[in-house]
Amino acid sequence: MESLFVQLLVIGIKILVILGVVLGLGAYLTLVERKVAAHIQRRPGPMVVGWHGLLQPLADGLKLITKEDIFPRAGNRFLYNLALVLALVPAVLVFAVVPFGPEFEVFGVKVKPILTDVNVGLLLVFALGSMAVYAIALAGWASNSKYALIGSMRKAGIIVSYEVVITFAVMGPVILAGTLSTYEIVQQQINQKLWYIWLQPIAFVVYMFAMLAETGRVPFDIQEAEAELVTGFTVEYGGIKFGLFPLVEWYVEVLSLSAIAVVLFLGGWSPINIPFLGFIDPLFFLGPLSPFVWFILKVALLFLFVLWLHWTLPRYRIDQITETAWKVMLPLTFVNLVLTAVLAPIVWR
Amino acid sequence: MIKKVFEKPLSWFERIFFIDFIRGLSVTIRHAFSKTITTHYPYEKLTPPKRFRGFFGHKVVDGREPQPAFDEWVERFKIEVEPGRSRCVVCLLCKRACPVPQLFEIEGEKLPNGKRRVSVFNMNMLLCTFCGFCVDACPVDCLFQSDIHETASYSRKDSVLTLEVLERIGRDWQRRREKEPDRIWIDDAQRMRLWYENDLKLPEVKKQ
């Protein structure tokens, strides 16, 4: 009975920590993005609210909350609000299967820093990822606006194409690890002394492309192409409802997919890897904290890389995007799958 | 003759290793770590060039009027010349040149000694397009455009420049900038730097 209580307490704490960190970080990543974008364009970005604009997200949030919530006259109110929930919940739920570090012990209780170590974790990630298409399609449809509808249809097209690609890209690491559990995949990489990016460079590149496409980042931000569609499916949303969509799409989803990329290709919480030989840990002085720092560092670097890409590249046309998915990316993943099948016995040993 | 120029297609090497992406990324990363070049507007302000077309003003009589034009106009209209007051000779050429003439409200008055003087000179800046035709038309170098560009006001009434305001702007401008050499950027390190950074490499003209 007591162990059950402890278990529940641990799970409760984990949920609170993950929710707080993810949503708080999501809000602050807006500031990071604005700063990165500004410096790439040789501007200083927000500077006035707080030191170097540190309180800007709070000011933005306050402003968005106090704004009027306008609803289009001929829209469908139920679907309009449902789209918001459908966008936010799956994006945050993905963090349930993201392992942040190795198992550790506090007061004699063994804690795995992962909310649920289900043995089909990856399946869950991509199932939840495909839910995003519902949110966007509903948002476009319920707004009763042609801009929103066109934007959401474009995004739906992209997600449908890239879901297939991303699933096949992930197949490689899954074969090498022999499991679908995210925690176990990292454990396998540590046991095999190999980050899977060394054997799966094609899969990694394809995964990165698919990640950009799924989160609607440049060069695949065709769904909100501001020159043509104003802001795509968020046109008719106002106030904090408008603020939530980019928060979810551009920050929470990018974070979750970066975390999954780190788990699959960059060895999760393991330090720098020399293939088949071992790991070098320049952060050894942090002791038991080092794995967590490594994980956060990798995710942050990947996120910054996505931002860097976003503010560098121009946008592809919709036909070019889907063409790349079906004609280039998908065959590449098949080739990668065959290569992996050939190489896998070397890794398994 | 039309010269056709094709873009060189990407080679397979460039396609596979994303060389074009890498080139773009290297450009942006270099910019990201170089110094910002913006002005923090409400806290820092740039000095506009001397020829800036901002709010209007009336230059005042200070002995630097264009001669002999000023004396001729004064003689023709029997204008009372007072040092420190507007040079305006009420010729209405500015109103004639203006594409929106109703923005000018100009009246002269006759003094007891038989001479004349400008009494009302209102410019409604809400109608103005800042084209500067009136400045070109002014025969005595009285009306001019100053470097004042922060022109927001709380009511429509405030955006009408009266004779008094015009003279004040003129006096202020003559004190600050009249003697400045007529260059494009002046005494502004930030702008000077930008100007030299944009050092365009133009092909030299070959003399024949």
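In this predicted model, Asp172(B) is partly exposed, because its relative accessibility is 25%, which falls between the limits of 20% for buried and 50% for exposed. Arg176(B) is also partly exposed, at 37%. The side chains of these two residues, Arg176(B) and Asp172(B), form a salt bridge, with N and O 3.1 Å apart. Both residues belong to helix H6 of chain B. They sit four residues apart, about one turn of the helix.

Other salt bridges share partners. Lys59(B), Asp62(B), Arg64(B), Arg87(B), Asp141(B) and Glu178(B) are joined in this way into one network. Within the pair Glu178(B) and Lys59(B), the closest N and O atoms are 3.6 Å apart.

Glu109(B) is partly exposed, with 30% relative accessibility. Arg117(B) is partly exposed too, at 25%. Over all chains, the structure holds 21 salt bridges.

The largest nonpolar core contains 97 residues. Tyr162(A) and Tyr207(A) touch the most other members. Helix H9 of chain A, residues 239-265, supplies the largest share of this core, 16 residues. A separate core has 28 residues, including Phe55(B), Phe70(B), Cys138(B) and Leu161(B). Contacts of Tyr207(A) beyond four places in sequence include Phe126(A), Ile166(A), Leu257(A) and Phe265(A).

Definitions and conventions: Residues numbered from 1 in each chain as written. Chains lettered and ligands numbered in written order. Predicted model: local features only at pLDDT ≥ 70, side-chain atom pairs only at ≥ 80, totals over all residues. Heavy atoms only, no water. Core = buried A, V, L, I, M, F, W, Y, C linked by side-chain atoms within 4.5 Å. Buried < 20%, exposed > 50% of the residue type's maximum accessible area, 1.4 Å probe, protein only. Helix = DSSP H or I, 4+ residues; strand = E, 2+ residues; numbered from the N terminus. Contact = heavy atoms within 4.5 Å. Salt bridge = Lys/Arg side-chain N within 4 Å of Asp/Glu carboxyl O.
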